[in-house]
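Please open the model in your viewer and keep the selection tool at hand.

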Amino acid sequence: QVQLVESGGGSVQAGGSLRLSCAASGYTSYCMGWFRQTPGKEREGVAAITTDGRTIYAGSVKGRFTISQDNAKNTLYLQMNSLKPEDTAMYYCAAGPSYLGWWSLLRPVGYDYWGQGTQVTVSS
């Protein structure tokens, strides 16, 4: 059983930065992703990393967000820079099977395990 616990959310002004962390336990080899959701909208993929370290980003965050992982600490990160009010959302980390296809990495449906989420609020 995989357990994921996010942290690092908070409130920040536009242009600021935050780093989200996701502590993982109970897994061996999974694709990992960050997703976000606002009330009334579907959950959307933000960034994902494959088991061999390839990364993919949503167009809206490319160049501003960086996904990384520390395998020794079993921790996934999302460094968010140049934050905008439209980045305000609940952010979730997720773990999916290692064979998840490239074009499925940013789709929530392929992921099996989810954290409880951490809120990010960006004010203008």
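Begin by selecting Tyr57 and Ile67, where a polar atom of the Tyr57 side chain lies 2.9 Å from the backbone nitrogen of Ile67; this is a polar contact, that is, a pair of N or O atoms within 3.5 Å, of which, within protein, one must be able to donate a hydrogen and the other to accept it, while residues adjacent in sequence count only if both atoms are side-chain atoms. Tyr57 itself belongs to strand S6, and the strands named on this tour are DSSP runs (E, at least two residues), numbered from the N terminus. If you now show the surroundings of Tyr57, leaving aside neighbours within four places in sequence, you will find it in contact (heavy atoms within 4.5 Å) with Val46, Ala47, Lys62, Phe65, Thr66, Ile67 and Leu106. For a distance to check, take the C-alpha atoms of Tyr57 and Tyr30, which are separated by 17 Å, although the two residues are 27 residues apart along the chain.

Before going further, please note that this is a predicted model, in which local features need pLDDT of at least 70 and side-chain atom pairs count only at pLDDT 80 or more, whereas totals for chains, interfaces and linings use all residues. Residues are numbered from 1 along each chain as its sequence is written, and side-chain values use heavy atoms, with hydrogens and water left out.

Next, select the cysteines. How many disulfides does a search of the whole structure find? The search finds one, a disulfide being a pair of cysteine sulfur atoms within 2.5 Å, and it is formed by Cys22 and Cys93, with their sulfur atoms 2.0 Å apart. The pair links distant parts of the chain, since Cys22 is in strand S3 (residues 18-25) and Cys93 is in strand S9 (residues 89-97), 71 residues apart. The torsion about their S-S bond is about 45°, and therefore the disulfide is right-handed. Cys22 has 0% relative accessibility and so counts as buried, where buried means under 20% relative accessible area, exposed means over 50%, and partly exposed is in between (1.4 Å probe, protein chains only); Cys93, also at 0%, is buried as well. Cys31 is buried too, with a relative accessible area of 1%, but its sulfur is 14 Å from the closest cysteine sulfur, in Cys93, which is too far for a bond.

From Cys31, move to Thr50, which touches Cys31, Gln69, Trp102 and Leu105 when residues up to four places away in sequence are not counted. Thr50 is found in the loop between strand S5 (44-49) and strand S6 (55-57), and it is buried, with a relative accessible area of 4%. A polar contact of 2.3 Å joins its side chain to that of Asp52.

Now colour the nonpolar cores, each of which is a set of buried Ala, Val, Leu, Ile, Met, Phe, Trp, Tyr and Cys residues joined through side-chain atoms within 4.5 Å. The largest has 28 residues, and those with the most contacts inside it are Trp34, Leu78, Met80 and Tyr91. S3, S4, S5, strand S7 (65-70), strand S8 (75-80), S9 and S11 each supply at least two residues of this core. Apart from it lies another core, of eight residues, among them Phe35, Ala48, Leu100 and Tyr111.

Stay with Phe35 and Tyr111, both of which are buried. They form an edge-to-face aromatic pair, 5.0 Å centre to centre with 75° between the planes; for such pairs, the ring centres of Phe, Tyr and Trp (its six-membered ring) lie within 6.5 Å, and planes under 30 degrees apart count as stacked, over 60 as edge-to-face and the rest as tilted. Phe35 lies in strand S4 (residues 30-37) and Tyr111 in the loop between S9 and strand S10 (113-114), so the pair ties together parts that are 76 residues apart in sequence. Phe35, Tyr111 and Trp114 form one aromatic cluster.

Finally, select Ser124, which is in the segment after S11 and counts as exposed at 84% relative accessibility. Ser124 touches Ala14 and Pro85, not counting residues up to four places away in sequence.

Definitions and conventions. Helix = DSSP H or I, 4+ residues; strand = E, 2+ residues; numbered from the N terminus.
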